Amino acid sequence: MKVKVFEINKSGLDPLSVEMEEKLQGWLDNNVGIEIINISQSQHLRENTVFVTVFFKDS
């Protein structure tokens, strides 16, 4: 099992959820053949930062 952690900061006018989706989808598109086991999300004390942790296996 492997772990990938994303620190996603709201940087533009788009909502944070849109930035999260774009970053995660880009990573998934570049890593074909992985099996996601679990994903967790936590918000930092600063309201514009979210950490997303992806647990996965290489297929």
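Visitor: Where is Thr 49 placed, and why is Thr 49 called buried?

Guide: In this predicted model, Thr 49 belongs to strand β3. Its relative accessibility is 3%, and buried means under 20%, so Thr 49 counts as buried.

Visitor: What makes the pairing of the side chains of Thr 49 and Asn 9 a polar contact?

Guide: The two side chains make their polar contact at 2.8 Å, and the cut-off for such a pair of N or O atoms is within 3.5 Å. Leaving out residues up to four places away in sequence, Thr 49 also touches Glu 7, Ile 8, Gln 43 and His 44.

Visitor: How do you know that Thr 53 is buried?

Guide: Thr 53, likewise in strand β3, has a relative accessible area of 16%. Because buried means under 20%, Thr 53 is classed as buried. Beyond four places in sequence, Thr 53 touches Val 3, Lys 4, Val 5, Asn 38, Ile 39 and Ser 40.

Visitor: What makes the pair of Phe 6 and Trp 27 edge-to-face?

Guide: A search of the whole structure finds two aromatic pairs. In the pair of Phe 6 and Trp 27, the centres are 5.5 Å apart and the planes stand at 80 degrees. Ring centres must lie within 6.5 Å, and planes over 60 degrees apart count as edge-to-face; the pair therefore qualifies. Phe 6 is in strand β1 and Trp 27 in helix α1, 21 residues apart.

Visitor: Why is the pair of Trp 27 and Phe 56 called edge-to-face?

Guide: Here the ring centres are 5.2 Å apart and the planes are at 70 degrees, so this pair is edge-to-face. Trp 27 lies in helix α1 and Phe 56 in strand β3, so the pair ties together parts 29 residues apart in sequence.

Visitor: Which elements give two or more residues to the largest nonpolar core?

Guide: The largest nonpolar core has 11 residues, including Phe 6, Ile 8, Trp 27 and Phe 56. Strands β1 (2-9) and β3 (49-58) and helix α1 (16-30) each give two or more residues to this core.

Technical notes:
Residues numbered from 1 in each chain as written. Heavy atoms only, no water. Core = buried A, V, L, I, M, F, W, Y, C linked by side-chain atoms within 4.5 Å. Buried < 20%, exposed > 50% of the residue type's maximum accessible area, 1.4 Å probe, protein only. Helix = DSSP H or I, 4+ residues; strand = E, 2+ residues; numbered from the N terminus. Contact = heavy atoms within 4.5 Å. Polar contact = N/O pair within 3.5 Å; in protein donor to acceptor, adjacent residues only side chain to side chain. Phe/Tyr/Trp six-rings, centres within 6.5 Å; stacked < 30°, edge-to-face > 60°.
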